[in-house]
Amino acid sequence: MGHLPIYLDHHATTPLDKRVLDAMMPYLTDRFGNAASLNHVFGWQAEEAVELARADVAELIGADKKEIIFTGGATESINLALKGVAEAYASKGNHIITNAAEHRCVLDSCKHLEKSGFEITVLPVRNDGTVDPEQVRSAITDRTILISVMMANNEIGSISPIQKIGEVAREKNILFHSDIVQAVGKIRVDVNELNLDLASISAHKFYGPKGVGALFVRQKNPRVKLVAQMDGGGHEKEMRSGTLNVPGIVGLGKAALLCKSEFDSNFWHYFNLRNKLYEAVVTQLDSIHVNGPEIETLEALRKAGTANEASKRIKRLPNNLNISFEQTKSESIMIAMKEVAMSSGSACTSALPEPSHVLRAIGISDELAKASLRFGIGRTNTLEEIEFVGRRLVDVVTKLRSEPQHVHSS
Ligand SMILES: *Cc1c(COP(=O)(O)O)cnc(C)c1O
């Protein structure tokens, strides 16, 4: 076996691509200027680099560069989108629609808004984790100002019908935000095709640096208004004050460029390795459950032609696998397999692990949620690694199931 430990937790974060680091390096050293210092060459260099990055980020999601606001990551983008729209459109209405499988930063921003008088509808999701556009339509009232639905789920990989939900929003004249963090670089994202008005991304989820992200804010048809959530020098069109993180933004831009240019090969790589891992497990273990949409076969997908077309048809992120292993606990599997970095379906926020809100939202039992593992395949994973992980999983699960005390305590 090559290099241990093996990293299979790419939904949590990705390594910085070496080419991204190379692009950033000059802006951490010689080219240290403030992008707002327009009186000298140091400032001009920084500003030029920021504007090039803005164009590359826009290009990745089919936006115009004027529609990209740089932030400190997707949590900030999402807070700005939800709270900024809520404040700006408060005279029009006070109702926001979201759903139970969103990332915490969406749900917690909504809770915050609820405390200040907004009404929040948290829709249930279907048992594959996707949001039903007709349910969105039924939840709309004449007070609704914003709909927020994630494009792809970070735990179970479900891809919601964003284009259809966007059509519903358009028809009713309601703004539509999507958390597209897990989607970019994995499936095709075009803000115009999808009818998005706002969208949030994060560099460290696609091989860029941590602590930098962007918010797409539509500038025409309609022109979206936002109330800034941070006061200061009026950077980023008055929407996000604070000296720009130039090296971070350069890294975000380079990461976006690489996602765009290497989309096809990445897509098939993710898909192929994810399916190999799934096959290794499903052919050798009984009593396992896939959480989220079913695993599509490569044969069915190849018919779609290009990665771009294929990615529009799939219901599940190509790099995601989430499985519950009956009669086990995810903690026990992870302890037995410390050489593999993966994630469990329960968060240890307290002494007792709590099943994740996403697994609860798709209606699986607490027992199965506590027996679940999430695998997130990345660019640098190899077939050899995946085969190793498959073998180890089969051995470890088989062994745990044969230990009587384990069966009784699960
Ligand atoms: C990671 C993640 C976020 C938060 O992004 P940060 O840049 O780490 O704040 C939001 N939504 C989803 C779906 C994520 O996976």
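Because the model is predicted, local features need pLDDT of at least 70 and side-chain atom pairs count only at pLDDT 80 or more, while totals for chains, interfaces and linings use all residues. Residues are numbered from 1 along each chain as its sequence is written, and side-chain values use heavy atoms, with hydrogens and water left out.

**Overall build**

- The protein has 15 helices and 15 strands, these being DSSP runs numbered from the N terminus (helices are H or I, at least four residues; strands are E, at least two).
- The radius of gyration, taken over C-alpha atoms, is 22 Å, close to the 22 Å that the globule rule gives for 410 residues, so the protein is as compact as a globular protein of that length; the rule is 2.2 Å times the number of residues to the power 0.38.
- Along its principal axes, the C-alpha trace spans about 70 × 55 × 50 Å.
- Of the 410 residues, 55% are buried, where buried means under 20% relative accessible area, exposed over 50%, and partly exposed in between (1.4 Å probe, protein chains only).
- Among contacts (heavy atoms within 4.5 Å) between residues at least 6 apart in sequence, 75% join residues at least 24 apart.

**Helices H2 and H7**

- Helix H2 (residues 41–61) packs against helix H7 (residues 246–261) at an angle of about 35 degrees, with their axes 8 Å apart; axes are lines fitted to C-alpha atoms over the stretch in contact, and angles run from 0 to 180 degrees between N-to-C directions.
- Residues that meet here include Ala 46, Ala 49 and Val 50 in H2, and Ile 249, Gly 253 and Ala 256 in H7.

- Ser 37 lies in the loop between helix H1 (18–28) and H2, and, leaving aside its neighbours within four places in sequence, is in contact with Gly 43 and Trp 44.
- Ser 37 and Glu 47 are 10 residues apart in sequence and 8.4 Å apart in space, C-alpha to C-alpha.

**Backbone exceptions**

- Most residues other than glycine have a negative phi, and most peptide bonds are trans.
- A cis peptide bond joins Leu 4 and Pro 5, with omega about -5 degrees, and Pro 5 lies in the segment before strand E1 (6–7).
- The peptide bond from Asn 221 to Pro 222 is also cis, with omega near -5 degrees; Asn 221, in the loop between E8 and H7, has a positive phi near 50 degrees and is exposed at 64% relative accessibility.
- Glu 238, found in the loop between E8 and H7, has a positive phi near 70 degrees and is exposed, with a relative accessible area of 60%.
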